[in-house]
Amino acid sequence: MHFRKSYKNLSKRTHGFLQNLLRQNCLICNVDQQQRNYKNSSETIIASVCEPCSNQFLHNIHCCKVCSIPLLLQDNEISEELCGACQQNPPPWEKAIATFVYAYPLDRLVIGLKYHGRLDYADTLAALMSQDLQYAYANNENIHKNGLPQALLPVPLHPIREFQRGYNQAHLLANALSRHLSVPVLPGLVHRVRHTPRQSLLSQEQRQKNLQKAFQVNHKIEIPEFVALIDDVMTTGATAEAVSKALISAGVKRVDVWCCARAE
């Protein structure tokens, strides 16, 4: 039964890859991009998402400087503040960067990658994220080049969950970001050792309890000083908090969190 399910997932992913390989249509509106009369500085994005659709993405500009949750601001007001939760109980990571607010039409790409085997969406999302990430670290003084982290760490799935899905979308996103930013991926540093219920079905308090002792650091791997934790969407931050605590306990001095989108 497991073999049949795995084969079905593989067939679905192969079909999705070939379908997108053979077309030049926008991944969201499905319009042939050769019919669009516009120019775009990013060839990667122009080959994936048309300008009208990409213009609808909600950039997460006005947000908490630590957890990246969107903040309600008056017109033309720029926030340098933390949200109430981060003021009262700061998370273990240094800062989270979520490029977009999780909303239509960006959610079509995230859902396609996570649940429908659209593996090629990972590079599109990474291309959309990479420019903002480079800007965020441009003036950051660190031992690694350009101030970027020493390694990228995708949020791990439990082996059972990864087998059922056929892949880890965070790992695919980390690999794509690695190609854009020239930062190595270190996927084996943390393992998920408890097979827990899906986080999406739980409240914030339940999510935190659900993840207690769920992650374990592999001490056979050299512990870097500065890592970026990679995930597709941050909702409550419970998963990022659990992984960050495990990393810091193992000797990592700084953890940042990179997500494509932040849920409000």
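## Getting oriented

Helices (H or I, at least four residues) and strands (E, at least two) are DSSP runs, numbered from the N terminus. His158 sits in the loop that runs between strand E2 (151–154) and helix H7 (159–165).

This is a predicted model, where local features need pLDDT of at least 70, side-chain atom pairs count only at pLDDT 80 or more, and totals for chains, interfaces and linings use all residues. Residues are numbered from 1 along each chain as its sequence is written, and side-chain values use heavy atoms, leaving out hydrogens and water.

## Around His158

With 13% relative accessibility, His158 counts as buried (under 20% relative accessible area; exposed is over 50%, partly exposed in between, with a 1.4 Å probe and protein chains only). Setting aside neighbours within four places in sequence, His158 is in contact (heavy atoms within 4.5 Å) with Arg192, Val193, Arg194 and His195.

## Aromatic rings

The whole structure has 3 aromatic pairs. Rings of Phe, Tyr and Trp (its six-membered ring) pair if their centres lie within 6.5 Å; planes under 30 degrees apart count as stacked, over 60 as edge-to-face and the rest as tilted. Phe57 and Phe100 make an edge-to-face pair, because their ring centres are 5.5 Å apart and their planes at 70°. Both Phe57 and Phe100 are buried.

Tyr137 and Trp258 have ring centres 5.7 Å apart and planes at 55°, so this pair is tilted. The two lie 121 residues apart, with Trp258 in strand E6 (residues 254–262). Tyr137 also belongs to one aromatic cluster with Phe226 and Trp258.
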